[in-house]
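Please have the view open as we proceed.

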Amino acid sequence: MNFRKTKLLRLTILVILFLISPNLSALSKEIDEENFLTQYFWREVITLKPPERPRIGLVLGGGGARGLAHIGVFRVLEEAGLPVDIVTGTSVGALVGALYSSGISIDRIESMTEEIGWSDLTNISAPSVVTLFLSEKLLSTEKMEKYIADKIGNKRFDELKIPFGCVATDLRTGEKIIFYEGDVAPAVRASATIPGVFTPVEYRHRLLVDGGLVDNIPTDVARMLKADIIIAVNISADFTKNTPSNIMSVLSQSISIQGEFLSGEQLKLTDLVINPEVSDVGIHELWRSRECIDAGIVATRKIMPKLKRLIIDRTYQWTIDQKVTAGSRTIEK
Amino acid sequence: MIKNKLILSGLLMVVIHLLLVIFSSFYVYCAERDKKVHLDIANMYFSSGDYVSALKEYTLLLDYQWSKEEFAGIFRNKGACHENIKQYDYALDAFHQAVSLEPRNWINQLNLASVFEKTGLTEKAIEKYEEVLRLNKENFEARYGLGRIYQKLGLNSRAIENYRQTLIIKPNAEIYRVISKCYESTRDWQMACAMLKQAISLAPNPEDYVHLSFLYSIQNQYDTAIQYLSTALSNEPKSIDVMLHLAAANFKKGNYETTKNLLNVILDMDSKNAVAHFFLGLVLYFEDNVSGSRIEIEKARSLAKSEMLKEYSEYFIKKLN
């Protein structure tokens, strides 16, 4: 009797399994909605050009050697095929941004950083540093201007492949000077001229120094250049770990504190912030370039799914808005 | 009497010596047998994937006498056990021991490279993989490892160079696929397509066809994209995923009728397919059929399983209102 019951139970299970098996196979063929939509709208992001999709602006913060992380950020964005339509930057952000916007490949920019030292950008040398401290004669960034002009070929802003803007500070008036037209090289030089160390740059009757004093992450400039989506790269230092012990470190610390204070406000204007972990790198430590580039790569890869989703969502909304607006216009006619 | 005693003690000495020889031989024999047994047990644990037990055995084995090569082998396996249970520091120690015993053995260098790669010590991993290639020019794993590291670092041209070398050693679809990915990262769409086509020729699969069509549509070559998706669909006529991609490609091309037909076929097969309803809504809107579009998008919203599709449908409906 028991044997019969067991047999019957087994048979029932088999019949049930047989009956639900087509449904199981149908379920296995079910498509991943999110994956499909992501793929479809990501293709739209890559293939469409503004104004058919929102303009993507990348804002590169200042921070000396830490700014080499921007190179890693660009590398991953390129890898993902994410288009960058507008670039703005301050200080080292202006330097990297100008090189990239002029069309220099990221491989080339990376190899340039392997060769670069402060002596390529400034007149820094043992005697010049002694002179700086003894007779208060500031160092010059003239070499930086020549370096940029050499690399990008004396270009003007309107000749760059990607619209670009950068920020400097007028030391006389305290005004924020936004560069988006004229020659690129002097603008970048002014944007990256650390006050108190380098001689201010005289440009069109103004005395210009590092833009980090007034705007270390120029998100507003990206907005001004008509970016619809703003991604910022924040490379601020963890100044709470420093113990300033000499004039240079006090100066660097003061700039960092002010930069941090200003960045807070500017970051509110962004849609997404990439934070490479470079806070322990000093502004002068150019030799830690590989470390900084890798930090940029890691931080961007980490945030990439979120970034992609943000851009896809906005592109979708943009497409629908445009289509609906065009549709209602047709109906009005 | 004394003579007899002397003979007896002599005999006793001989017997004792003989016994000693027999015992020591037996001891050596037992020890040899013992270490072989331990080795067999360790290897058995190792092959069955019980790395913790294998590790205990390999550690015991280090107390026995072995030749240099045998010691290196034990360290190699000990290191592999540590590696498998993610004790990378110990794995490095063991592999280093193996390298010091057999520096010219490329397997030891390869093991080290692999652990360096896993622990993110990229530069050291590159150095070791290159060492392997110096010892064994045509080593597939080392070339593949170098390609993988360079790809991760975003150095795509170097990655491609190494991956291409692996193709000479042992061509397979997966390598063509990763080379295609590298070209995609450099936005060399044509080469990305060419490499993916090679992968398909070696091992066709619908996912590759779908991705190939994606690469062609990026280049605005919708006809070619449609052609590849059609091939994929003929191989798997009931694949809703391929059908949806084909519908999307036709939609982009402006073939609204074909798009609608395909979406209706999908809905005949699965009336609750939210993506198909959503796309049908989009197509109808593009054809100025606002009311039809609203109905389809509403359906998509109610059937959607993902938050993304729900949000997208809601956004569209809000705009339509």
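**Helix packing and loops in a predicted model**

In chain B, helix α7(B) passes helix α9(B) in a left-handed crossing.

Helix α7 of chain B covers residues 140–152, and helix α9 of chain B covers residues 173–185. Their axes come within 11 Å and cross at roughly 25 degrees. An angle under 35 degrees counts as roughly parallel, and α7(B) is therefore roughly parallel to α9(B). Which residues make the contact? From α7(B) they are Phe140(B), Tyr144(B) and Gln151(B), and from α9(B) they are Glu174(B), Ile175(B), Val178(B), Lys181(B) and Cys182(B). Sorted by class, the contact of α7(B) with α9(B) has 5 nonpolar, 1 polar and 2 charged residues.

I turn now to helices α5 and α6 of chain B, which span residues 106–118 and residues 122–135 respectively. The two axes come within 8 Å, and the crossing angle is roughly 160 degrees. At that angle, α5(B) is therefore roughly antiparallel to α6(B). The crossing of α5(B) and α6(B) is left-handed. On the α5(B) side, the contact residues include Trp106(B), Leu110(B), Ala113(B) and Phe116(B). On the α6(B) side, they include Ala125(B), Tyr129(B), Val132(B) and Leu135(B). By class, the contact of α5(B) with α6(B) divides into 9 nonpolar, 3 polar and 4 charged residues.

The contact of α2(B) with α3(B) comprises 7 nonpolar, 4 polar and 1 charged residues.

Next, I ask you to look at a loop. Gln219(B) lies between α11, residues 206–218, and α12, residues 222–235, of chain B. A polar atom of the Gln219(B) side chain lies 3.0 Å from the backbone oxygen of Leu215(B). Leaving aside residues up to four places away in sequence, Gln219(B) touches Trp189(B), Gln190(B) and Cys193(B). Asn220(B) is found in the loop between α11 and α12 as well. The phi of Asn220(B), however, is near 60 degrees, a positive value.

As a rule, most peptide bonds are trans. The bond from Pro50(A) to Pro51(A) is cis, with omega near 10 degrees. Pro51(A) lies in the loop between α2, residues 33–47, and β1, residues 56–60, of chain A.

Finally, a word on confidence. The model scores ipTM 0.73 and pTM 0.74. The mean pLDDT of chain B is 90, and 96% of its residues reach 70 or more. Chain A averages a pLDDT of 80, with 76% of the residues scoring at least 70. Which stretches of chain A have a pLDDT below 50? Residues 17–28 of chain A are one such stretch, and residues 329–333 of chain A are another. Beyond near neighbours in sequence, residues 17–28 of chain A have 0 contacts in the model, and residues 329–333 of chain A likewise have 0. Where pLDDT is low, the predicted coordinates should not be read in detail.

Key. Residues are numbered from 1 along each chain as its sequence is written. Chains are lettered from A and ligands numbered from 1 in the order in which they are written. Side-chain values use heavy atoms; hydrogens and water are left out. Ala, Val, Leu, Ile, Met, Phe, Trp, Tyr, Cys and Pro count as nonpolar, Asp, Glu, Lys and Arg as charged, and the others, Gly among them, as polar. Axes are lines fitted to C-alpha atoms, for helices over the stretch in contact, and angles run from 0 to 180 degrees between N-to-C directions. Helices (H or I, at least four residues) and strands (E, at least two) are DSSP runs, numbered from the N terminus. Angles under 35 degrees count as roughly parallel, over 145 as roughly antiparallel, 65 to 115 as roughly perpendicular and the rest as oblique. A crossing is left-handed if the near helix is turned anticlockwise from the far one by less than a right angle, and right-handed if clockwise. Contact means heavy atoms within 4.5 Å. A polar contact is a pair of N or O atoms within 3.5 Å; within protein, one must be able to donate a hydrogen and the other to accept it, and residues adjacent in sequence count only if both atoms are side-chain atoms. pLDDT is the predictor's confidence in each residue, from 0 to 100.
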